[in-house]
Amino acid sequence: MTSETIISIFLGVGLAASVGFRVFLPLFALSLAAYFDVWALNENWQWIGSLAALITLGVATLVEIFAYFIPWVDNLLDSFAVPLAAIAGTAVMVSTVANLDPVVTWSLAIIAGGGTATAIRGAGATGRMVSSTTTGGLANPVFAVVETGTATVVSIASIFAPILAAVLVIIILIIIFRIYRSLRPKAKT
């Protein structure tokens, strides 16, 4: 595997993790990067760098970000965002991975891209539901700021420092795993 391939995998995993926080923001970041020739995408995915895709993803990003600031609407969005995150996480991996056999690319995209995005989106949706039921939705905007900020930071890191993004993804997944373990009912012995 070449260093270009490894870096492209880190880019894909970082953007897939970001998709777990906001579905459209990482796609918009990738569209910007492709439009301004920061990243070259796979041949079949170059449309993401078009002006039409850039505008469409930009509008979708703004709508998504602001919709998450409305308590209970955010929970409704999560019901759609979990399956969309799996699809978008897979798509960003496929669009960015370079120089691999298609079977390996798609396997990696489904497992690493879709899996990472779904794990993070599922944890976020669960956290938001807990926030909604325990605070009546009052804490949800804070939750939205943290998610949007994390998606922004990881997306930018993915594009400009993919290795750093991969490290951030590992840290995020460790934090999610620890929170899950701490909330899981203890088995009685």
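This is a predicted model: local features need pLDDT of at least 70, side-chain atom pairs count only at pLDDT 80 or more; totals for chains, interfaces and linings use all residues.
Buried here means under 20% relative accessible area, exposed means over 50%, and partly exposed is in between (1.4 Å probe, protein chains only). By that rule Ser131, at 8% relative accessibility, counts as buried. Residues are numbered from 1 along each chain as its sequence is written, and side-chain values use heavy atoms, with hydrogens and water left out.

**Ser131**
- Ser131 sits in helix H5 (residues 102–135); helices are DSSP runs of H or I with at least four residues, strands are E runs with at least two, and both are numbered from the N terminus.
- Leaving aside residues up to four places away in sequence, Ser131 touches Gly136, Gly137, Ala139 and Asn140, where contact means heavy atoms within 4.5 Å.

**H1 against H7**
- Helix H1 (residues 3–21) packs on helix H7 (residues 162–183) at about 45°, with the axes 8 Å apart; axes are lines fitted to C-alpha atoms over the stretch in contact, and angles run from 0 to 180 degrees between N-to-C directions.
- That makes H1 and H7 oblique to each other: angles under 35 degrees count as roughly parallel, over 145 as roughly antiparallel, 65 to 115 as roughly perpendicular and the rest as oblique.
- H1 passes H7 in a left-handed crossing, with the near helix turned anticlockwise from the far one by less than a right angle (clockwise would be right-handed).
- On the H1 side, the contact residues include Ile7, Phe10 and Leu11, and among their H7 counterparts are Pro162, Val169 and Ile172.
- By class, this H1–H7 contact has 12 nonpolar, one polar and no charged residues; Ala, Val, Leu, Ile, Met, Phe, Trp, Tyr, Cys and Pro count as nonpolar, Asp, Glu, Lys and Arg as charged, and the others, Gly among them, as polar.

**H2 against H6**
- Helix H2 (residues 24–35) and helix H6 (residues 140–160) pack at about 30°, axes 9 Å apart, so H2 is roughly parallel to H6.
- Their crossing is right-handed.
- Leu25, Pro26, Ala29, Leu30 and Ala33 in H2 meet Thr148, Ala151, Thr152, Ser155 and Ile159 in H6, a set of seven nonpolar, three polar and no charged residues.

**What UniProt says**
- The unreviewed entry puts "transmembrane region" at residues 7–35, 47–69, 76–98 and 159–180; such annotations may be inferred rather than shown by experiment.
- In the model, residues 159–180 are 95% helix and 0% strand, with end C-alpha atoms 29 Å apart.
- Residues 47–69 come out at 74% helix and 0% strand, with 30 Å between the end C-alpha atoms.
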